[in-house]
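Biologist: Please take a close look at a single part of this model. I would like one connected account.

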Amino acid sequence: MDTPRVLDLLEAGDWKAAHEVVQKESSTLAAWLHGIVHTLEGDLDNARYWYEKARREFPGPGAVKEEIAAARASAAADAPARHPKG
């Protein structure tokens, strides 16, 4: 999954494009992002379902920006370190 792209789409409010990516994935991170997608969409019951799949507490629609930032930080922490070639 191109996590940075999905997060950029979510930050831009393009939940439809983000949904196209996350719905094909099965990781816990994808479930979390899927929950954010449905929160942005306004489908809060579906968002709660995906948060449960991600084993995260659903914070509600008022926390979308914070959730995107937290997901970005989590993805960055889990990303393998990239070392410059030299």
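Modeller: Start with α1, where T3, V6, L7, L9 and L10 are buried. They cover an arc of only 160° around the axis, so they sit on the same side of α1. The arc is taken over the directions from the helix axis to the C-beta atoms. Buried means under 20% relative accessible area, exposed over 50%, and partly exposed in between, with a 1.4 Å probe and protein chains only. Helices are DSSP runs of H or I with at least four residues, numbered from the N terminus. The cover over the buried residues of α1 includes α2, α3 and α5. After α1 comes G13, with a positive phi near 85°.

This is a predicted model: local features need pLDDT of at least 70, side-chain atom pairs count only at pLDDT 80 or more, and totals for chains, interfaces and linings use all residues. Residues are numbered from 1 along each chain as its sequence is written, and side-chain values use heavy atoms, leaving out hydrogens and water.

Now α3, residues 28-41. Its 14 residues should span 20 Å at 1.5 Å a residue, and the end C-alpha atoms are 20 Å apart, which agrees. The expected span is 1.5 Å times one less than the number of residues. Because 10 of the 14 residues are buried, α3 is largely enclosed by the rest of the structure. Those buried residues pack against α1, α2 (15-22), α4 (44-53) and α5 (64-78).

T39 lies in α3. T39 counts as buried because its relative accessibility is 7%. Beyond four places in sequence, T39 touches L44, A47, Y51, F58, G60, P61 and V64; contact means heavy atoms within 4.5 Å. G42 follows α3, with a positive phi near 95°.

How values were computed: Helices (H or I, at least four residues) and strands (E, at least two) are DSSP runs, numbered from the N terminus.
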